[in-house]
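Here is a friendly walk through one protein model, with its sequence and 3D structure at hand. Keep the picture open and look for each feature as it comes up.

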Amino acid sequence: MLKIDDIHVYRGRTHVLKGVSLHVQQGEIVSLIGGNGAGKTTILRTISGLLRPSRGKIFLKTSKTSGETDISRVPAETITGLGVTHCPEGRGIFSQLSVKENLMIGAYLRKDKEGIADDYARVCALFPILGSRSRQTGGSLSGGEQEMLAVGRALMSRPELLTLDEPSLGLGPIIVDNLFSVLAEINRQGVTLLLVEQNAIKALKLSHRTYVLETGRMALSGLSAALIDNEKVKKAYLGGT
Amino acid sequence: MSGGYIAQQIVNGLILGSMYALVAIGFSMIYGIIRLINFAHGEIIMIGAFLTLGLLQKLQLPFPVAAPLVLIAGAVVGIIIEKGAFRPMRGAPQVTGFIASLGVSIMLQNLGILLLTAQPRNFTFPDYLQSVVQIGLVSFRTIDGVIMASALVLMGGLLFLVHKTRLGMAMRATAENIDVARLMGININRTIMATFAIGSALAAIAGLMWGGKFGQIDPLLGFVPGLKSFVAAVIGGVGSIPGAILGGYILGLSEVLFVGLLPPIYSAFRDAFVFSTLILILLVLPNGILGKKMEDRA
């Protein structure tokens with residue numbers, strides 16, 4: 001579904017990604033872990049078109065692309081229409097817009113009124129709190145509710161691939177458990193997930209496969225179930241000895 | 001000082017306030033969406049005034065035809081300015097855009113003098129718009145009534161557009177966070193262009209009103225009302241459309257009442273009064289009356 005081939009990305013003069021490759025198969029949950037400043041966010045922002053790689057290609061194949069297409073030069077506002085939706089770091093809720101407007105703007109490019117109404121009902125079923133607060137402003141929600149809103153908004157675009165940047169950031173453990181079980185449910189409903197996480201243990205448990213990124217290069221990759229017992233991963237990311 | 005005199009002054013203040021409000025809306029919307037203090041915005045008033053003059057007196061078009069044309073032409077001018085002067089500056093520090101807007105302002109003023117000469121021109125509306133209406137204690141010309149009523153209609157239409165339409169939602173989202181707006185599939189170039197078009201259309205109509213109200217126009221007429229409308233936008237809370245409307249009326253009313261109610265000797269200080277009002281309000285309410293704290297954004 002997604003194949004990143006040796007991309008290099010600069011932010012200002014800093015060479016953040018120094019030749020990164022990864023792939024995501026349809027139906028998978030893939031997680032991307034690594035320390036601060038490793039370049040995890042940069043990878044997701046490059047996929048979503050907010051950043052452009054100076055070298056390398058990103059191939060996408062969804063029902064909305066004609067075969068396998070290079071999206072490394074496609075601007076952000078077009079990517080959503082190709083079936084890839086990015087849930088940004090810090091959630092990016094529109095705090096002045098109502099909860100309902102925040103959800104509806106997720107469906108900005110869609111024209112199918114009935115499908116949008118269906119998806120709205122589906123999101124409200126997944127996150128009942130959003131339905132009951134639909135008229136409040138996005139900024140009035142708590143951190144956990146805002147994360148649900150961000151995920152709900154992304155679902156409103158009916159993505160085939162959903163990329164999430166640190167959904168657990170700043171949330172309490174119960175809310176994180178809740179959120180991750182919803183993410184698993186979303187995946188069961190057919191959405192492919194690419195997840196960036198600080199919370200490595202959670203990410204390894206949720207995902208099928210995991211990539212470990214270290215200062216702009218892939219250090220390790222493999223089945224999450226195998227990596228969770230890997231000594232190096234344990235030592236660096238799971239707080240084990 | 002009779003009740004009738006005060007009522008008359010209030011009506012005069014509302015007329016002036018209508019124009020300030022229409023211009024302030026554009027200031028506020030443009031600042032809200034790209035954090036640009038657009039000093040060229042006042043010049044659109046001048047362009048609107050001269051366009052009206054040309055359409056009414058040179059081409060002899062009837063007023064109901066000319067007014068919508070001024071609205072459309074104002075939008076086109078706004079789009080040209082955005083594309084020509086501000087889009088290339090996108091992403092540059094805030095002060096760069098500010099300087100660019102000063103440049104556009106001076107350029108448009110001088111272009112006006114070059115093409116139209118600095119000589120003030122008389123601005124006359126057809127007789128049926130000049131006839132005086134007497135309602136109770138106050139009297140005003142039909143054109144003044146048209147100014148007040150059409151300002152309200154335009155502002156109502158704008159609030160509907162911003163809060164109830166897809167474009168309005170895109171504009172509000174872009175004003176809050178350009179990157180996330182793009183992730184939603186919003187074409188921000190088109191949204192920013194629409195914001196300039198709408199703001200400039202309203203300023204051009206304010207120019208039509210300005211000519212109708214004062215009867216004389218010249219190529220430098222936009223600067224001071226532009227500055228005052230900026231003050232109105234700041235008083236109301238820059239970025240907030242209801243704030244700009246409120247600020248416009250507060251400024252128009254207080255300016256007219258200041259001149260009308262105090263001894264004539266002070267009337268030369270009206271502009272000093274306007275800016276003192278700004279300072280006082282900002283001392284108490286640093287974000288303006290309806291404004292929220294806004295982060296700077298390059």
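The largest cavity is lined by B:Phe39, B:Gly42, B:Glu43, B:Gly222, B:Phe223, B:Gly226 and B:Leu227. Helix H2 (41-58) and H10 of chain B are the elements that give two or more residues to this lining, and H10(B) provides the largest share, three residues. Helices here (H or I, at least four residues) and strands (E, at least two) are DSSP runs, numbered from the N terminus. The volume of the largest cavity is about 30 Å³, and a search of the whole structure finds one cavity of 30 Å³ or more. Sorted by class, its lining has three nonpolar, three polar and one charged residues. In this sorting, Ala, Val, Leu, Ile, Met, Phe, Trp, Tyr, Cys and Pro count as nonpolar, Asp, Glu, Lys and Arg as charged, and the others, Gly among them, as polar.

This is a predicted model, in which local features need pLDDT of at least 70 and side-chain atom pairs count only at pLDDT 80 or more, while totals for chains, interfaces and linings use all residues. Residues are numbered from 1 along each chain as its sequence is written, chains are lettered from A and ligands numbered from 1 in the order in which they are written, and side-chain values use heavy atoms, with hydrogens and water left out.

How are such spaces found? Rolling a probe the size of a water molecule over the atoms shows where empty space is left. On a 1 Å grid over the protein atoms alone, a cavity is a set of points where a 1.4 Å probe fits but cannot get out, and a pocket is an open set with protein on both sides within 12 Å along at least five of seven lines; lining residues have an atom within 4 Å of a point. Grid points are joined across faces, edges and corners, and a volume is the space filled by probe spheres set on the points.

Next come the charged pairs. Side chains of opposite charge can pair when their charged atoms come close.

| Pair | N to O distance |
|---|---|
| A:Arg158 and A:Asp119 | 3.0 Å |
| A:Glu185 and A:Arg188 | 3.1 Å |
| B:Lys228 and B:Glu255 | 3.2 Å |

A:Glu185 and A:Arg188 sit three residues apart in helix H7 (residues 173-188) of chain A, about one turn of the helix. Of these two, A:Glu185 is partly exposed at 27%, while A:Arg188 is exposed at 63%. In the remaining pair, A:Asp119 is buried at 4% and A:Arg158 is partly exposed at 39%. A:Arg158 and A:Asp119 also belong to a network of salt bridges with A:Arg110, A:Asp112 and A:Arg122.

Finally, look at helix H3 (residues 63-86) of chain B. Its 24 residues reach 33 Å from first C-alpha to last, close to the 34 Å expected at 1.5 Å a residue; the expected span is 1.5 Å times one less than the number of residues. Its buried residues include B:Phe63, B:Val70, B:Ile81 and B:Phe86. Among the elements covering the buried residues of H3(B) are H2, helix H4 (94-116) and helix H9 (188-214) of chain B, where contact means heavy atoms within 4.5 Å. The buried residues of H4(B) in turn pack against H2, H3 and H10 of chain B.

Notes: Salt bridge = Lys/Arg side-chain N within 4 Å of Asp/Glu carboxyl O. Buried < 20%, exposed > 50% of the residue type's maximum accessible area, 1.4 Å probe, protein only.
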